[in-house]
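Hello,

Here is the structure I promised to pass on to you. Please have a look at it first, and then read on for what turned up in it.

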Amino acid sequence: MIIEIDQGSGFCFGVTTAIEKAEETLKAGHQLSCLGDIVHNGMECERLRNMGLDTIGHDEFACLHDATVLLRAHGEPPATYEMARRNRINIIDATCPVVLALQKRIKKKYEMMDKEKGSIVIFGKNGHAEVLGLVGQTEGHAIVIEHAEDAKTLDFTRDIYLYSQTTKSLDEFHRIIQYCQEHIAPGATFQSFDTICRQVANRMPNICQFATRHDMILFVCGRKSSNGRVLYNACLEHNPNTYLIEGPEEIRSEWLCDIGSVGICGATSTPKWLMEKCRDRIQNIVG
């Protein structure tokens, strides 16, 4: 059996940097908490937990004083930084540079726009950490839409400034743009800003091509990963014999019957070592 690990899969730059900062701090013997899961992958979070990384929520963060906290690649709203200042919390800021630039763009637009006449709209997943950070730049006033279909709910008599969560589908974002352009009222302004990370977007054509090369695809990622869901669905579209798994223990021997080649790939939150463990598991099953 041929088993291939997609060399284009694995951590993106932002996730890699966040993990490196955490490891560096922990290896130096310092106590460190991370505000939320450092990456949407349970096994990688467990590895770092064993190194001493403590994952906390926002309620716990609010009670901390004189501690060190890492902010993950997803970014945080301004209120988090203000609370850290008040509580003398030392922040290790691992916000992805792409996300940070997007936050600044939205904040600047919000401060400059006529708030009575216009709306900032974000194409993203409600409740996602990155989206919460983006909405925070608008004092909570931005409108979040999760799907192209949701664009129908917008008020097209008002100015609309459209942005996207960095890991969303570029094709769906373009469908939203087209719908808004077709429905914006005379006298109202529509502007869109392509804020999707190209390191993520460029994985789409590559992973689709990878999916067609094999009899079966194992897509390895945490089920909370927004980016993972987009890429998994793309694999499934190009190869119906695609399975989403979080780790090697989920691989079932019956999947491998009469299979000549297996492709293993993953999301921007999937560590290479985990894909390698999945390869080893297949090798143990097939002998």
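Buried residues account for 51% of the 287 residues in the protein chain. Please keep in mind that this is a predicted model.

For the surface, the protein chain exposes about 13,700 Å², and carbon and sulfur atoms supply 49% of that area.

As for the fold, the protein chain holds eleven helices and twelve strands. Its radius of gyration is 21 Å, close to the 19 Å that the globule rule gives for 287 residues, so the chain is as compact as a globular protein of that length. Along its principal axes, the C-alpha trace spans about 65 × 50 × 25 Å.

The contacts are worth a look too. Taking those between residues at least 6 apart in sequence, 72% join residues at least 24 apart.

You will find Ser164 in strand E8, which covers residues 159-164. Is Ser164 buried or exposed? With a relative accessible area of 0%, Ser164 counts as buried, because the cut-off for that is under 20%. Which residues does Ser164 touch, leaving aside those up to four places away in sequence? They are Leu102, Phe123, Phe173, Phe193, Thr195 and Ile196.

Enjoy exploring, and write back whenever you like.

Best wishes

Note on methods:
Residues are numbered from 1 along each chain as its sequence is written. This is a predicted model: local features need pLDDT of at least 70, side-chain atom pairs count only at pLDDT 80 or more; totals for chains, interfaces and linings use all residues. Side-chain values use heavy atoms; hydrogens and water are left out. Helices (H or I, at least four residues) and strands (E, at least two) are DSSP runs, numbered from the N terminus. Buried means under 20% relative accessible area, exposed over 50%, partly exposed in between (1.4 Å probe, protein chains only). Contact means heavy atoms within 4.5 Å. The radius of gyration is taken over C-alpha atoms; the globule rule is 2.2 Å times the number of residues to the power 0.38. Accessible areas come from the Shrake-Rupley method with a 1.4 Å probe; for residues, only the protein chains shown count as cover.
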